[in-house]
Number of protein chains: 2
Amino acid sequence: MQTGPRETTGPVPDADLVAPRSGRGPYRKGLERRSAIVRAATQVFAERGYHGGSLRTIAERVGVSSASLVQYFGTKEGLLAAVLSEWGRASRPAGLDGLRGLAWIRSMREAMAYNAVHPGLIELFLTLSAEATSPDHPARAFVQERYATVVGEHAGHLLEAVEDGEVGAMSAERAEHEARLFVAAMDGIELQWLLDPRVDLLELFEHLLEVTLARWAA
Amino acid sequence: MQTGPRETTGPVPDADLVAPRSGRGPYRKGLERRSAIVRAATQVFAERGYHGGSLRTIAERVGVSSASLVQYFGTKEGLLAAVLSEWGRASRPAGLDGLRGLAWIRSMREAMAYNAVHPGLIELFLTLSAEATSPDHPARAFVQERYATVVGEHAGHLLEAVEDGEVGAMSAERAEHEARLFVAAMDGIELQWLLDPRVDLLELFEHLLEVTLARWAA
């Protein structure tokens with residue numbers, strides 16, 4: 001299931017990029033600059049939130065003008081859409097497809113190990129999610145859909161585990177509650193870890209996984 | 001344990017407030033206006049974050065000038081300190097003092113019921129906490145101290161429960177992990193609840209409390 005927002009339609013070509021005798025170099029340069037802007041915007045939105053992260057700050061970090069940002073992304077919302085799209089791609093470690101039941105749930109261990117070395121992705125998502133609790137936030141639909149998908153995936157794989165006899169019987173409603181609590185605890189320990197370097201994210205996650213699997217097995 | 005930031009030193013008297021023959025009316029009016037500004041700032045910071053919430057937006061919401069905000073609170077950071085101080089006061093339901101062990105842990109049910117009818121307080125805390133994952137955020141020390149206190153209180157009461165024979169033996173390290181997971185799950189379900197009105201916060205919390213107490217009892 002694709003959970004990202006609609007892709008922006010790509011860089012708007014500027015005079016620099018469409019110079020007829022330029023070969024492929026300038027086009028590649030345009031793509032690189034676009035990537036650099038998305039990376040800078042990811043950092044700035046993660047640090048200051050969407051409302052608090054100004055186009056000017058982002059432009060300064062890349063070393064381009066604010067006008068150049070507008071040329072590539074149209075509006076600040078267009079830039080946000082590009083950031084969320086990239087986040088959706090980058091935050092999904094490979095290797096989850098094809099796993100079933102508890103094997104899929106256990107693979108969250110790899111997802112968490114990936115998060116542990118990509119704190120910027122977590123910071124971006126937590127900051128935007130918290131901001132998006134306001135009804136008019138431009139990332140609200142994305143965040144809502146993301147949570148619905150993630151909770152649905154966890155609940156679905158838990159029900160597969162029930163079906164395969166890996167865990168005891170439970171209703172679909174119970175599976176959804178279990179999925180919500182598991183996802184909630186993952187978000188919460190990530191927040192504590194970002195706030196306090198003494199918190200060991202992976203150790204806490206192992207503890208969470210162990211007690212959760214023990215409960216389901218009972 | 002007092003976890004709030006240092007109190008601001010109170011309203012700076014303006015000409016309006018110190019008019020010699022004004023009696024108590026204008027002073028009371030000054031206090032009311034100060035409260036109205038803190039309430040508006042709480043809303044605006046909750047909706048847009050600290051960086052994204054401008055003094056101008058806050059001033060407009062109260063119907064005063066930005067200069068008036070500066071007069072009362074000095075700087076935006078001064079206003080944030082007042083908001084956090086008020087948050088620390090308002091977010092702590094009465095009746096927790098004097099409880100011991102599992103009785104204290106179970107009283108989180110009342111804390112959660114209080115949260116359920118004060119979504120603005122939760123929104124403010126989650127938004128500022130997520131923003132404060134950035135090292136230079138002015139609320140970072142407050143948020144870090146708050147988490148340390150809350151985790152410490154949960155762990156301490158869990159160890160009391162061990163001491164009183166209410167739950168099985170566990171090390172101090174294990175109690176801290178358990179406290180972190182419990183607090184993390186509470187934060188996470190609050191976030192899901194704010195993002196999706198179909199989520200039943202109190203039902204999820206009951207489920208969390210039930211499975212947690214069952215685990216500790218084992």
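Which residue forms a salt bridge with A:Arg174? The legends below describe close-up views of a predicted model, and the first of them gives the partner.

**View 1. A salt bridge joins A:Arg174 and A:Glu178.** The partner of A:Arg174 is A:Glu178, and their closest N and O atoms are 3.2 Å apart. Both residues belong to helix H10 of chain A, which covers residues 172-195. Because they are four residues apart in this helix, about one helical turn separates them. Side chains of opposite charge can pair when their charged atoms come close. Over all chains, the structure holds 26 salt bridges.

**View 2. A salt bridge links B:Asp196 to A:Arg180.** Here the two side chains come from separate chains, B:Asp196 from chain B and A:Arg180 from chain A, with 4.0 Å from N to O. Between chain B and chain A the count is four salt bridges. Polar contacts also cross this interface: 16 residue pairs are found, both residues of each pair being at pLDDT 80 or more.

**View 3. Five helices of chain B are listed for the side that touches chain A.** The elements that each give two or more residues to this side are helix H2 (25-52), helix H8 (119-131), helix H9 (140-163), helix H10 (172-195) and helix H11 (201-217) of chain B. H10(B) gives the most, with 16 residues. Sorted by class, this side of chain B has 19 nonpolar, eleven polar and 14 charged residues.

**View 4. Chain B and chain A bury about 3800 Å² between them.** The size of an interface is often given as the accessible area lost when the parts come together. For chain B and chain A, 61% of the buried area is on carbon and sulfur atoms. The contact takes 44 residues from chain B and 44 residues from chain A.

View 5. The same surface serves both copies, since 100% of the contact residues of chain B recur in chain A.

**View 6. Residues 54-73 of chain A carry a UniProt annotation.** The UniProt entry, which is unreviewed, lists this span as "DNA-binding region". In the model, the span is 80% helix and 0% strand. The C-alpha atoms at the ends of residues 54-73 of chain A lie 14 Å apart.

Terms used. Residues numbered from 1 in each chain as written. Chains lettered and ligands numbered in written order. Predicted model: local features only at pLDDT ≥ 70, side-chain atom pairs only at ≥ 80, totals over all residues. Heavy atoms only, no water. Contact = heavy atoms within 4.5 Å. Buried area = accessible area lost by both parts, 1.4 Å probe. Polar contact = N/O pair within 3.5 Å; in protein donor to acceptor, adjacent residues only side chain to side chain. Nonpolar A, V, L, I, M, F, W, Y, C, P; charged D, E, K, R; others polar. UniProt positions renumbered as here; feature names shortened; annotations may be inferred.
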